[in-house]
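Okay, thanks everyone for coming. Let me put the structure up, and then I'll walk you through a few spots I've been looking at.

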Amino acid sequence: MQDERKLIVIGDGGHSSVIQDLISSSRGYSILAILDDRYSSRFIHSGIFFGPIDELAAVIQKGTKLVIAIGSNDTRKNMVQRIGMPADLYATIIHPSAFVSKKALLDNGTVVMPNAVINAGAVIGAHTIINSGSIVEHDCSLAPYVHVCPGSTLTGAVSVGEGTQISAGATLVPGISIGEWSVIAAGAVVTKSVPAFRMAAGCPAKIIKRIGSRERIL
Ligand SMILES: CC(=O)SCCNC(=O)CCNC(=O)[C@H](O)C(C)(C)COP(=O)(O)OP(=O)(O)OC[C@H]1O[C@@H](n2cnc3c(N)ncnc32)[C@H](O)[C@@H]1OP(=O)(O)O
């Protein structure tokens, strides 16, 4: 049997429990450790090491990969910066029921959940979440730290800026751009491009507020 690659999972909340299922369903990986600052000291449970994030240096081994299992886009980015590990140490994990075109490119740390579709020519940035049943159509371009939430659809050649959340069931029409650190509300039908740091909702979607600030996020 082929050796399984050991993974260290950072974060142990609700999104992490989905990632842990994803890992156990994916060929080639097994969990070595789960680190979260909710744990004040180290312990072993079911053969897995648990402890605070500062234990990373103690548990990492040659060939071990990492995944940041934190659903919030800005918290995930902050964690990558805090850990300061090289980009190629992060695994890209794809559920076996997902379809990912051989002509799509996925950067390190990105996870693709069950029944998601990523079609030809799509480029997905690092540490992005392509959640259950979502569709990223041909030639879409997603920057790092994006979250494409369950059941949302990015039609052809849509571009999405860093840290943006496309909430559950949203639909983006072909060729539009969504700026960085924006939020598209659940169920929105987005027919026009949306600038950075905006929330858009409804059908057709309208900008309903400004969110965040460049200073806070960058
Ligand atoms: C596995 C997982 O769980 S993955 C994560 C999935 N999560 C999601 O898909 C997020 C879904 N959440 C939403 O869509 C939220 O409503 C958000 C994030 C867009 C907005 O949240 P908030 O910033 O708290 O906005 P808030 O609830 O204050 O609403 C602001 C206004 O927008 C309206 N609004 C909020 N959401 C929507 C929506 N989806 N569609 C239309 N209008 C909406 C509200 O009715 C409110 O209108 P009002 O000012 O006239 O009363």
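This is a predicted model: local features need pLDDT of at least 70, side-chain atom pairs count only at pLDDT 80 or more; totals for chains, interfaces and linings use all residues.

Let's start with strand β4, residues 48-51. Both of its faces are covered. In a regular strand the side chains alternate between the two faces of the sheet. Here, Ile 48 and Phe 50 sit on one side, Phe 49 and Gly 51 on the other, and all four are buried.

So what does β4 pair with? On the one hand there's β2, which pairs with β4 in the parallel sense over three bridges. If you want a landmark for that pairing, take Ile 34, whose bridge partner in β4 is Phe 50. On the other hand there's β3, residues 43-45, and that strand runs antiparallel to β4, again with three bridges. Phe 50 turns up here too, standing opposite Phe 43.

While we're at β3 and β4: they form a hairpin with two residues between the strands. Have a look at Ser 46 there, which takes a positive phi near 50 degrees.

Now back to β2, which covers residues 29-35, and to Leu 35 in that strand. Buried or exposed? Leu 35 counts as buried, because its relative accessibility is 0%. Outside its sequence neighbours within four places, Leu 35 contacts Ile 8, Val 9, Ile 10 and Gly 11, then Phe 49 and Gly 51, and then Pro 52, Ile 53, Glu 55, Leu 56 and Val 59. Two of those, Phe 49 and Gly 51, are the residues I listed together on one side of β4.

Okay, on to the loops. Ser 182 is in the loop between β20 and β21. Even in a loop, Ser 182 counts as buried, because its relative accessibility is 0%. Its contacts beyond four places in sequence include Gly 163, Thr 164 and Gln 165, the run from Val 194 to Arg 198, and Ile 211.

Last one: Gly 71, in the loop between β5 and α3. UniProt lists Gly 71 under "binding site", though that comes from an unreviewed entry. How accessible is Gly 71? With a relative accessible area of 25%, Gly 71 is partly exposed, since the buried class stops under 20%. Leaving out neighbours within four places, Gly 71 touches His 15, Arg 76, Ile 129 and His 147.

That's my tour, happy to take questions.

Methods:
Residues are numbered from 1 along each chain as its sequence is written. Side-chain values use heavy atoms; hydrogens and water are left out. Buried means under 20% relative accessible area, exposed over 50%, partly exposed in between (1.4 Å probe, protein chains only). Contact means heavy atoms within 4.5 Å. Two strands pair if DSSP finds at least two bridges between them. UniProt positions are given in the numbering used here, feature names are shortened, and annotations may be inferred rather than shown by experiment.
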